[in-house]
Amino acid sequence: VMLSTSAFLNTYIVEDSPVIRENLIATLEELVPVRVVGSAEDEASAVRWLADAAHPVDLVIVDIFLKSGSGLGVLRAAHALPQRYRLVVLSNYATPDMRAKCLALGAEQVFDKSTEIDALIQYCADKLVALIVPWVFTAYGTFLLRQAFMNIPKELEEAAQIDGASR
């Protein structure tokens, strides 16, 4: 899985409806530290973009029905690429059979647009934590944590001791 080094979940969206795409981008960017790095409305454009290894992306959100081609084709093509992507499906057509097909083609999750937007938001939040937490346990992460603790004002420490905190 390709991982960015930012505090954002770099996301690529494959959705044919401009209204849904713009609302989804606004919702995700407002509620989760997500940065949408690109989008496509058809299978060919999405596959072309994903095939370019220069595009750092942590998550790809795919709709099933597109202007041309399908989200299933995007999943199939992405699964065959040398770089690995976290793929999720967001569709109004999240039937049990379609969910099974999407999971078989490499999707990690399938979300229903009308009832599972909250679950998608939680998934994004969980994936961002999974990207950040391992980084904290590096030498540089330890240095940054130490620096943050060193910047706590002495007065705050003294006030805590007066209130009964131990050193």
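In helix α1, the residues Arg-21, Leu-24, Ile-25 and Leu-28 are buried, that is, under 20% relative accessible area, whereas exposed means over 50% (1.4 Å probe, protein chains only). Seen down the axis of α1, the buried residues fall within an arc of 100°, so they line one face of the helix; the arc is taken from the directions from the helix axis to the C-beta atoms. On the face turned away from that buried side, α1 carries the exposed residues Val-19, Glu-30 and Leu-31.

A word on the basis. This is a predicted model, in which local features need pLDDT of at least 70 and side-chain atom pairs count only at pLDDT 80 or more, while totals for chains, interfaces and linings use all residues. Residues are numbered from 1 along each chain as its sequence is written, and side-chain values use heavy atoms, with hydrogens and water left out. Helices (H or I, at least four residues) and strands (E, at least two) are DSSP runs, numbered from the N terminus. The pLDDT, the predictor's confidence in each residue from 0 to 100, averages 84 over the protein.

I turn to strand β3, residues 59–62. Leu-59 and Ile-61 point one way and Val-60 and Val-62 the other, and all are buried. β3 pairs in the parallel sense with β1 over four bridges and, also in the parallel sense over four bridges, with β4; pairing requires at least two DSSP bridges. Leu-59 stands opposite Thr-11, and its bridge partner in β4 is Arg-86.
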